[in-house]
Amino acid sequence: MGIFSLVTGWPGLSGFGSASTAEQVADGIDASNLTAIVTGGASGIGAETARVLALCGAHVVIGARNMEAANDTKQLILDSNPAARVDALKLDLSSLKSVRAFADKFISMDLPLNILINNAGVMFCPYQLSDDGIEMHFATNHLGHFLLTNLLLEKMKSTERKTGIEGRIVNLSSIAHLHSYDEGIRFDKLNDKDGYSDKRAYGQSKLANILHANELSRRLQEEGANITVNSVHPGLIVTALWRHSFLLMRVLRLFTYLFWKNVPQGAATTCYVALHPSVKGVTGKYFLDCNEEKPGVMAGDEALGKKLWDFSEKLVKSAQ
């Protein structure tokens with residue numbers, strides 16, 4: 001779409017652009033027959049995504065680490081939309097045990113599952129390992145969502161078989177996927193403190209989000225499942241993700257203020273890919289400003305995607 005479209009908000013082929021809000025892209029869409037999970041739905045663009053999905057009539061399940069914030073968000077949604085159907089469940093993506101507990105709890109609720117939005121994330125953390133001994137960006141942004149998606153996939157397939165409604169999975173990536181380590185994914189040095197960079201570790205996890213979406217999309221197409229998997233870059237937005245880099249955010253905004261979005265604009269691409277009828281049947285793609293874009297070269301590397309899948313499966317099994 002280019003810099004001009006980004007700065008001006010000029011719409012792309014979809015009819016939407018960087019200035020479009022989540023409510024605008026979802027306007028007129030009836031989602032009352034859909035159930036959606038939004039990870040990290042307690043704040044920022046996750047909360048706005050949950051609100052707009054509920055506004056369209058979807059039954060929304062918020063997965064969040066901070067249950068107080070999640071319940072506050074649930075109440076805010078209900079205050080403005082008393083008919084909304086919203087649940088909040090505990091989910092810490094950095095803990096594979098918590099991911100399994102969340103999936104078990106959701107499945108026990110005997111709800112359908114049409115939409116899974118892998119939104120939660122951490123950014124620019126100091127070097128840290130998760131409880132499972134995995135570098136924190138990779139553990140939270142990729143591996144937790146990888147396991148969660150696998151645990152819920154059969155529920156999505158059975159929902160699609162019963163209803164005939166296409167399932168949709170949306171991975172939140174970032175343009176930061178272009179700024180990973182030189183080898184893309186540090187398979188052999190994932191947890192090493194030596195050579196650790198908070199910016200590149202974040203980029204690595206965001207690259208993993210696209211590779212995961214593409215490989216899962218390929219697998220589902222191969223078996224003929226009516227479930228699409230896409231990744232999105234929401235744009236530059238001021239959210240709690242910046243808590244580790246407040247000074248960097250201030251400096252960046254000073255020089256790139258024309259490119260920054262507010263939260264309703266930041267949630268637009270997610271809502272577009274999750275709900276809009278024009279995305280029906282579209283899978284294995286990367287979206288920016290509500291339009292399909294070409295990601296970086298590594299993000300399109302099928303061999304790297306397969307290697308990441310196998311690597312992730314081994315990590316998940318070793319942490320059981």
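Q: How are α5 and α6 oriented to each other in this predicted model?
A: In this predicted model, helices α5 and α6 are roughly parallel to each other. Their axes cross at roughly 25° and come within 9 Å.

Q: What is the handedness of that crossing?
A: The crossing of α5 and α6 is right-handed.

Q: Which residues meet there?
A: From α5 they are Leu96, Val99, Arg100, Phe102, Ala103, Phe106 and Ile107. They meet Leu143, Gly144, Leu147, Leu148, Leu151, Leu152 and Lys155 of α6.

Q: And how does the contact of α5 with α6 divide by class?
A: The contact has 11 nonpolar residues, along with one polar and two charged.

Q: What about α6 and α7, at which angle do their axes cross?
A: The axes of α6 and α7 cross at roughly 20° and come within 8 Å. An angle under 35 degrees counts as roughly parallel, and α6 is therefore roughly parallel to α7. The crossing of α6 past α7 is right-handed.

Q: Which residues make that contact?
A: On the α6 side the contact includes His137, Phe138, Asn141, His142 and His145. On the α7 side, Ala201, Tyr202, Gln204, Ser205 and His212 are among the residues involved. By class, the contact of α6 with α7 divides into eight nonpolar, nine polar and four charged residues.

Q: Gln204 is in that list; where does it sit, and is it buried or exposed?
A: Gln204 belongs to helix α7, which spans residues 198-223. Gln204 counts as buried because its relative accessibility is 2%, and the cut-off for buried is under 20%.

Q: What is Gln204 in contact with, leaving aside neighbours within four places in sequence?
A: Gln204 is in contact with Glu135, Phe138, Ser180, Tyr181, Gly184, Ile185, Arg186 and Leu190.

Q: Back to α6: what is its angle with α11?
A: α6 and α11 pack at about 85°, and their axes are 10 Å apart. The two helices are therefore roughly perpendicular to each other.

Q: Which residues of α6 and α11 make the contact?
A: Helix α6 contributes Phe138, His142, Leu143, Phe146, Leu147 and Asn150. Helix α11 contributes Leu308, Trp309, Phe311, Ser312, Glu313, Leu315 and Val316. These residues divide into nine nonpolar, three polar and one charged.

Q: Changing topic, how many residues are in the largest nonpolar core, and which touch the most other members?
A: The largest nonpolar core has 45 residues. Those that touch the most other members are Ile37, Phe106, Phe138, Leu152, Ile169 and Ile185.

Q: Which elements each supply at least two residues of this core?
A: Helices α5 (96-108), α6 (136-163), α7 and α11 (302-318) do, as does strand β6 (227-233). The largest share, nine residues, comes from α6.

Q: What does Ile37 touch, not counting residues up to four places away in sequence?
A: Ile37 touches Val61, Phe102, Phe106, Leu113, Ile115, Leu116, Ile117 and Leu152.

Q: What other core lies apart from the largest one?
A: Another core, of 41 residues, lies apart from it, with Ala50, Val52, Ala58 and Ala267 among its members.

Q: Now backbone angles: what is phi for Asp110, and where is Asp110 found?
A: Asp110 has a positive phi of about 55° although it is not a glycine. The residue is found in the loop between α5 and β4 (115-118). With a relative accessible area of 61%, Asp110 is exposed.

Q: And Asp289, what is its phi, and is it buried or exposed?
A: Asp289 also has a positive value, with phi near 55°, and is a residue other than glycine. Asp289 lies in the loop between β9 (286-288) and β10 (291-293). With a relative accessible area of 2%, Asp289 is buried.

Q: Last one: where is Leu13, and is it buried or exposed?
A: Leu13 is in the loop between α1 (2-8) and α2 (22-26). At 92% relative accessibility, Leu13 counts as exposed.

Q: What separates the C-alpha atoms of Leu13 and Glu292?
A: A distance of 8.8 Å separates these C-alpha atoms, and the two residues are 279 residues apart along the chain.

Methods:
Residues are numbered from 1 along each chain as its sequence is written. This is a predicted model: local features need pLDDT of at least 70, side-chain atom pairs count only at pLDDT 80 or more; totals for chains, interfaces and linings use all residues. Side-chain values use heavy atoms; hydrogens and water are left out. Helices (H or I, at least four residues) and strands (E, at least two) are DSSP runs, numbered from the N terminus. Buried means under 20% relative accessible area, exposed over 50%, partly exposed in between (1.4 Å probe, protein chains only). Contact means heavy atoms within 4.5 Å. A nonpolar core is a set of buried Ala, Val, Leu, Ile, Met, Phe, Trp, Tyr and Cys residues joined through side-chain atoms within 4.5 Å. Axes are lines fitted to C-alpha atoms, for helices over the stretch in contact, and angles run from 0 to 180 degrees between N-to-C directions. Angles under 35 degrees count as roughly parallel, over 145 as roughly antiparallel, 65 to 115 as roughly perpendicular and the rest as oblique. A crossing is left-handed if the near helix is turned anticlockwise from the far one by less than a right angle, and right-handed if clockwise. Ala, Val, Leu, Ile, Met, Phe, Trp, Tyr, Cys and Pro count as nonpolar, Asp, Glu, Lys and Arg as charged, and the others, Gly among them, as polar.
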